[in-house]
Amino acid sequence: MEAQYRNHDGDTSFSSLRVYLNSLSDTPSRFSRRAVSVSTSYDEMSRVRAVSGEQMRRTLRWYDLIGLGIGGMIGAGVFVTTGRASRLYAGPSIVVSYAIAGLCALLSAFCYTEFAVHLPVAGGAFSYIRITFGEFPAFITGANLIMDYVLSNAAVSRGFTAYLGSAFGISTSEWRFIVSGLPNGFNEIDPIAVIVVLAVTFVICYSTRESSKVNMVLTALHIAFIVFVIVMGFSKGDVKNLTRPDNPENPSGFFPFGVSGVFNGAAMVYLSYIGYDAVSTMAEEVKDPVKDIPMGISGSVAIVIVLYCLMAISMSMLLPYDLIDAEAPYSAAFSKSEGWEWVTRVVGIGASFGILTSLIVAMLGQARYMCVIGRSRVVPIWFAKVHPKTSTPVNASAFLGIFTAVLALFTDLNVLLNLVSIGTLFVFYMVANAVIFRRYVTVGYTEPWPTLSFLCLFSITSILFTLVWQLAPSGPPKWFILGASTVTAIAIVQIFHCVVPQARIPEFWGVPLMPWTPCVSIFLNIFLLGSLDAPSYIRFGFFSGLVVLVYVFYSVHASYDAEGDGSLDFKDVESLERINRVLS
């Protein structure tokens with residue numbers, strides 16, 4: 001059996017150029033075999049996990065996860081996105097936008113939680129999709145998510161320089177220098193950002209537990225600053241600003257731009273919630289996954305929703321929405337008030353703490369994604385190694401940390417931010433689909449086509465709704481199509497719910513109101529994807545194309561070889577039956 005996976009007397013696909021070229025000629029058959037090859041939960045928690053050698057220590061509890069979740073979500077983004085969304089889209093109703101975006105995040109968090117409880121490994125969404133839809137879809141989503149992490153971390157680290165400068169009253173230009181000869185956008189060198197990234201890399205390589213402690217301290221300080229800003233906003237603000245613009249010619253009221261403005265604002269501020277995804281990658285290091293993970297993931301999202309809504313109300317009370325600075329709303333609001341300029345520096349200090357916490361959590365998450373992708377052999381196994389003394393994925397952490405530092409050194413913040421977000425929303429969409437598929441389909445026992453057909457029909461209906469919402473002019477035809485799409489989507493879910501029985505009921509923790517909860521998550525993620533600009537889709541298409549090439553020229557052959565030597569070939573029937581009983 002093993003010989004069919006080998007080339008020329010047992011050589012692997014990469015043993016020589018001649019063998020590799022011969023392997024490339026077999027790419028179609030290997031792709032058809034490996035692309036949709038589905039791993040099992042037992043494999044992910046045993047044989048695949050063993051590839052790393054040493055195991056990650058289970059040292060985290062629910063309060064560590066809540067701290068990591070809050071630290072990962074409450075970064076500098078809220079200090080920027082709130083102003084832009086309020087000024088351009090929602091006005092004072094930005095608080096409703098934050099509530100809607102928070103609901104979307106909470107529904108996605110439920111989907112992550114069900115997987116993380118029953119599959120407590122470090123792979124996060126990559127592992128969830130791999131055991132559901134196969135290796136190739138998992139590789140596409142995992143690679144995009146890692147790139148989004150790296151780019152956003154580089155952008156956030158450069159933002160640290162700006163906020164630290166505002167905290168001490170120092171211009172950012174004094175800490176950066178221009179290199180002539182390099183193209184614009186890549187010629188402003190930021191050594192402070194590099195130092196911050198490398199320092200965080202050292203911390204996360206040293207110990208996950210120590211990283212959590214550092215994060216808890218920084219998060220506590222950051223929350224204290226946020227509470228301070230909220231209190232100052234409520235004490236100095238005016239309730240009249242919630243309904244009255246500064247310029248009478250601008251739209252007035254709590255909903256100056258109507259319902260569409262609220263949802264467009266929600267699409268923009270939703271990115272402020274991204275961060276709980278990284279918490280799911282810590283599942284392999286949690287002492288009691290069944291109890292700690294639901295409290296950690298869902299609890300952190302709930303707390304952040306409350307803080308964000310209070311911050312949004314505070315900012316809306318400080319100034320009429322048409323006077324809010326789109327780029328630095330809180331700093332600008334206080335700087336315009338006589339005697340309150342010192343609060344601007346407080347905001348800068350608070351944002352600096354927020355950047356550090358979001359960097360720690362995101363860099364913990366990106367390293368664990370790379371580690372588990374290495375375990376699956378679709379990238380070199382070197383990334384999968386866990387250090388015997390620190391029990392952390394040192395190779396993946398160091399590699400991605402250095403890569404992030406290089407990007408942060410040269411690349412302008414705006415260039416980086418234009419490349420971030422779509423990959424993360426796409427992964428959230430995939431996880432919501434995966435949790436439905438896993439509930440209703442057991443491979444080898446359940447016919448998958450009714451569930452796949454339902455998922456396709458529901459996605460198509462959601463896409464139609466989103467396109468009409470974004471592109472169609474206002475009027476009766478638009479509202480008729482939107483209403484018809486809504487009724488159709490509800491009917492599709494209800495018919496599926498009544499006709500197709502669930503194949504497995506989670507023993508420990510499951511998404512409530514199945515399939516309605518993940519369906520709402522699917523719709524909201526599609527809706528938010530429809531609000532992104534064209535450059536985001538161009539980036540997604542370009543990078544996904546590169547990922548496909550990597551898979552075709554390297555990954556599919558590496559995983560094929562691994563299947564041949566038994567690393568990825570599950571044959572333990574007794575264990576398979578046992579894991580099926582646990583999951584059913």
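**Close-up 1. Phe136 and Tyr551, a buried aromatic pair.** Both Phe136 and Tyr551 are buried in this predicted model. Their ring centres lie 5.0 Å apart with the planes at 55°, so the pair is classed as tilted, given that only angles over 60 degrees count as edge-to-face.

**Close-up 2. Phe254 and Phe255, an edge-to-face pair.** The ring centres of Phe254 and Phe255 are 5.0 Å apart and their planes meet at 85°, which makes the pair edge-to-face. Phe254 is partly exposed, at a relative accessible area of 25%, and Phe255 also counts as partly exposed, with a value of 45%.

Close-up 3. Phe263, Phe465, Trp469, Trp479, Phe523 and Phe527 are joined into a cluster by ring pairs. Lys478 lies over the face of Trp469, 5.6 Å from the ring centre, and the charged end of Lys478 also sits over the ring of Trp479, at 5.7 Å from its centre.

**Close-up 4. Helix H19, residues 422-440.** With 18 of its 19 residues buried, helix H19 is largely enclosed by the rest of the structure. Its end C-alpha atoms are 28 Å apart, which agrees with the 27 Å that its 19 residues should span at 1.5 Å a residue. For context, the protein contains 24 helices and two strands, and 57% of its 584 residues count as buried.

Definitions and conventions:
Residues numbered from 1 in each chain as written. Predicted model: local features only at pLDDT ≥ 70, side-chain atom pairs only at ≥ 80, totals over all residues. Heavy atoms only, no water. Helix = DSSP H or I, 4+ residues; strand = E, 2+ residues; numbered from the N terminus. Buried < 20%, exposed > 50% of the residue type's maximum accessible area, 1.4 Å probe, protein only. Expected span 1.5 Å × (residues − 1). Phe/Tyr/Trp six-rings, centres within 6.5 Å; stacked < 30°, edge-to-face > 60°. Lys NZ or Arg CZ within 6 Å of the ring centre and 35° of its normal.
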